[in-house]
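Hi,

Here is the structure I promised to pass on.

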Amino acid sequence: MEDYKFLFKVVLIGEAGVGKTCLVRRFCQGVYPIGQAATIGVDFMIKNMEIKGERIKLQIWDTAGQERFRTITQSYYRSANAIIIVYDISNQPSFDRLPEWLRELRQHINDRVTLILVGNKSDLTESREIPYHIGELFAQRHNMRFIETSAKESANVEQIFTELTETLLKQANEYLD
Ligand code: GDP
């Protein structure tokens with residue numbers, strides 16, 4: 001018997017190179033890949049969490065490079081409980097393409113899916129192109145939570161997944177009540 005009460009599917013999207021794989025590896029394996037461009041080569045990673053005494057399994061899907069070919073399929077989004085949309089705060093085009101990602105996303109998901117906007121690489125202060133408040137404003141406009149992270153410095157990475165899981169747990173418990 002599987003030893004958890006809830007299984008949540010979380011998927012990451014956003015332009016290639018924004019740090020999706022690094023965020024997932026930082027959170028699931030506690031490592032930051034140095035050197036080679038990291039593609040984990042599997043569809044998803046698993047992380048077991050315990051929140052408020054409840055055992056939860058997170059299934060975290062990384063696009064594994066598919067975004068380069070724009071072939072992200074229906075199956076990737078299927079039964080997702082939450083979507084993390086990532087851009088790179090030092091890369092304007094990765095921010096400018098967010099509306100396109102949202103459009104694509106909305107073709108695949110319903111309103112109940114929790115969305116979070118993540119501005120990654122917050123350690124790159126010298127080359128920042130997107131001010132914090134611009135990211136925050138975009139998230140407000142589109143009804144998403146907003147957080148800046150650094151996979152490199154392990155800043156706010158746990159927080160994204162913990163807050164997300166707390167939200168999903170609350171929704172699931174409300175649904176069960
Ligand atoms: P993906 O294509 O979105 O999965 O991006 P990757 O996780 O492969 O990361 C792309 C590049 O960005 C790699 O060279 C990483 O080392 C780098 N990177 C990822 N996260 C951070 C971060 O928080 N800070 C900095 N400075 N670089 C990062």
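Before the details, one working definition: two strands count as paired if DSSP finds at least two bridges between them. With that in mind, isoleucine 116 stands opposite arginine 145 in β6. Strand β5 (residues 114–120) and β6 pair in the parallel sense, over four bridges. Do keep in mind that this is a predicted model.

Now the whole sheet. It is open and has six strands, in the order β2-β3-β1-β4-β5-β6, with mixed pairing. Which strands stand at the edges? Those are β2 (44–51) and β6 (145–148); each has a single partner strand, so one side of each is left without a neighbour in the sheet. On average, neighbouring strands here are turned by 25 degrees against each other, direction ignored.

Two helices to look for next. Helix α1 lies across β1 (6–13), β2, β3 (54–61), β4 (82–88) and β5, and runs at about 45 degrees to β2. Helix α5 (residues 132–141) lies across β5 and β6, running at about 155 degrees to β6.

Then there's the ligand. It is surrounded by 16 residues, and the closest are Gly19, Lys20, Thr21, Cys22 and Lys152. Helix α1 (residues 20–29) turns up again here: it gives the largest share of the shell around the ligand, three residues. Sorted by class, that shell has seven nonpolar, five polar and four charged residues.

Cheers

Note on methods: Residues are numbered from 1 along each chain as its sequence is written. This is a predicted model: local features need pLDDT of at least 70, side-chain atom pairs count only at pLDDT 80 or more; totals for chains, interfaces and linings use all residues. A residue is near a molecule or strand if its C-beta atom, placed from the backbone, lies within 6 Å of it. Ala, Val, Leu, Ile, Met, Phe, Trp, Tyr, Cys and Pro count as nonpolar, Asp, Glu, Lys and Arg as charged, and the others, Gly among them, as polar. Axes are lines fitted to C-alpha atoms, for helices over the stretch in contact, and angles run from 0 to 180 degrees between N-to-C directions. Two residues are in contact if their C-beta atoms, placed from the backbone, lie within 7 Å.
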